[in-house]
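Have a look at the model first, then read on.

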Amino acid sequence: MKPTLLLCLSVLIHASLSAQIIKGKVLDSKTRQGLPLANLILTDQERPTVIKYASSDTSGFFQFIQMPKGKYILSVSLMGYQRVQKELSINDNNVELGNILIPEDINLLNEVTITGGIPAFSTQNGQITIGVANNAFFKSASNLLDVFRKLPSLQVNQDGTMQMASRATPTLFVDGKPVNMSNDEILIYLSSLSPDMVESIEMINQPSSKYDGEYQGIIDVKLKRNLSLGLKGIYNARFQQNNYSLLDNNLSLIFKTTRFIYDVKLGHTTGSTFYKYYALQYLANTNAMITDTRTVTSNQNFNVQAKVTYELKNGQNLEAFLRSYQINRNAVSGNQLITQTAGLNQTMALVKSDNNALPKQYNYAGGINYDARFKDGELHLITSLVQIDNKQTEDIQNHNALNGELLNYWKTNSRNNILIRTAQADYTQNIGKGKLEFGGKFAYTSTENNLRYDTLANSIFYLDSRRSNQFSYHEYITAGYLSYSGQWDKISYSLSLRTEYTRTMANSITTGTFTGRKYLKWLPSFNLTYAINDKEQLSFSYSRRLTRPTFAALNPFRFYYSPRHYWIGNPYLQASTTSLLALSYSRKALNISLNAGRETDVISRYPEYNPETNELIFLGRNIPYRNFANLQISSPITVNKWWRMNHNIGFYYNKELTPYFGQTYQIPIYDYKINGSQVFTLKNWLFDLSYIYESKSGSGLYIFAPVYGIDFGLQKGWLKNQLNTKITLYDAFDNIKRRFIFREKSIINNDFYHYFASQRLVFSLTYNFGRSTYKAKENKKSDEENRAN
């Protein structure tokens, strides 16, 4: 980190420790119960300028922090209640508003209306905020992962991977900080949270330069805000049944004293999942080959998180955490390679393969963090050390099923060890009605990979040097950013600049290939938002982001789908850069956004067919660029008190420049996606009908077949909502399969699909106990582990 940055931090850390805060509670005027997810808007009395937004938590509590002196108007609104306004004046002291009572809007409740009040939905500076807790649209969802499937501008695939509006993979945040978890851990974490445990979700489709260059999009999960002392416990169980059964158990315990907060999370997953890969490929000799692979994976996975937070003094906290995630799986695959005549009416050859794989992962993480709030600023220091140890053995036998002959016999033993060290500092300083932010980060990652293939020959296993490999990779990232945001009349704006210097060293020990690389990237961004009134706003933004290849994509190993289908990593892959423009309009719950941009040096994986061996090899490479654009429209509608609906629609355009076997393909792709929910409340029961349709789409080389699915859910609360039960039937008509068809049949005539057994019946149960309602923040984490898995 630069000396000037350290000097600034050391000077600013001695600022005053008091902060001006506005806080209070929103209550129902009749029942005097707290009202969650009320919308609070703070405007300047002298001119109609929006200063800040906030939402009340599950107890009705709200607060605005770091407020400069001045006179303001506070507006409080909530669907089904009358709007309330208060005039405020801030001098040198905090403002305690106490209880704000808002009465029901009798006229509104007695009418059948079409309006956009549910779910709680607001936008600010292009950032979408959606209320989750006590939201009827999400009540029948089994867990937070199901909620994600209903969010606008977000696609959740059956394997758990996600894409936002720009077709970029989002980074998961919890309470404003990125989570330091692998993809498997993220899926388990989202599955362990019930909707009632989450206050809101913020979606940032275009992160500013304040965030790491790799963050193409951000989904920030805000857990419920709880303040009282004592013990709080949540038990969550989820049982699913499709081809096989799977059981998740999660327990969260939080104990708060006057100075300490102890947080422990325990989780266990047992049971099996199913996956199928099916391909029909016409070969160079005019025959056809069918690949049919079916994998059953049994699980015995454990995760433990422990954290203690100590309040040094008012506004200053020191936090230490430890975490371990243990994956123990047994993946049993049965594969058939069937060679037939072109008419698929005569079998020429049949090869059966059996693969017994034992993948294991041992993930350990720990760190110390420091947070401090001063009169006009905040300081956050983050450190972490993470080790990910992946091990896998395989036993692969290929037989000629027509005569029983053993064709070949492989044994593999792979080891992948990743060590990630990160240190980060962020500082925020309020300057009048503006805010200055700056910070720096350093990350050093080392990976050691060893893959050994042994092949049976003459009753003895010999080292297969063609497939075995040793590979090491070291990466150093140094980054810094400077950002300023402010407001002028009805216009709020932010300007930021980030620079990231990366140095990498890739060494393929087996092949004797060493690749060193250094590059510096400048990543600017800006945002302009015009507040038409307190209900409408128009926003325009620009950002440049960076995508580094994953560690697996750089590793020149062979990873087999079947004996003749495999992919190979490429240590020469370059990082890609994306420039994105966004224009958005919001009015109450209606949100319309238009995004357009270009990605250069796109990281892609393309197939190469060998007609002599009939091998289909997927290779990593950079393609020159892709242009993209999309239009997103989302709005919830309340028909009456027992019938609500929510619809999201997206229109997409994508065009890649794809050189392939001496030809260049520039095929414009147009497609659309519709998803939505119909929610019916009948006394104490809630019924949810959800649906999704994705039209025919594709890429430069492949056509993607249409996909649709329908889910049914039923939810009920018991024991004054301490106990919550839900039953959901996903993909009721078993239609979700990801099918790909190669465009140029003269090169490769290939048609295949992936199937994850998405049709399943799920029963979930959540039980809350204890008197405390304290909200525990998740660990403050970096993004390097997302690339490690």
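**The second largest cavity**

At least three lining residues of the second largest cavity come from each of domain 2 (121-223) and domain 3 (230-770), with domain bounds taken from an automatic or database domain assignment. Keep in mind that this is a predicted model, where local features need pLDDT of at least 70, side-chain atom pairs count only at pLDDT 80 or more, and totals for chains, interfaces and linings use all residues. Residues are numbered from 1 along each chain as its sequence is written, and side-chain values use heavy atoms, leaving out hydrogens and water.

**Cavity details**

- Searching the whole structure turns up 14 cavities of 30 Å³ or more; a cavity is a set of points, on a 1 Å grid over the protein atoms alone, where a 1.4 Å probe fits but cannot get out.
- The second largest cavity has a volume of about 380 Å³, a volume being the space filled by probe spheres set on the points.
- Lining residues have an atom within 4 Å of a point; of the 31 here, Arg-149, Ser-690, Ile-692, Asp-711 and Tyr-730 are the closest to the centre of the second largest cavity.
- Strand 41 gives the most to this lining, with six residues (strands are DSSP runs of E, at least two residues, numbered from the N terminus).

- An open sheet has the strand order 4-1-7, with mixed pairing; two strands pair if DSSP finds at least two bridges between them.
- Strand 4 (61-65) and strand 7 (95-102) each have a single partner strand, so one side of each lacks a neighbour in the sheet.
- Strand 1 (residues 21-28) pairs with strand 4 in the antiparallel sense over five bridges, and Ile-21 has Ile-65 of strand 4 as its bridge partner.

How values were computed. Helices (H or I, at least four residues) and strands (E, at least two) are DSSP runs, numbered from the N terminus. On a 1 Å grid over the protein atoms alone, a cavity is a set of points where a 1.4 Å probe fits but cannot get out, and a pocket is an open set with protein on both sides within 12 Å along at least five of seven lines; lining residues have an atom within 4 Å of a point.
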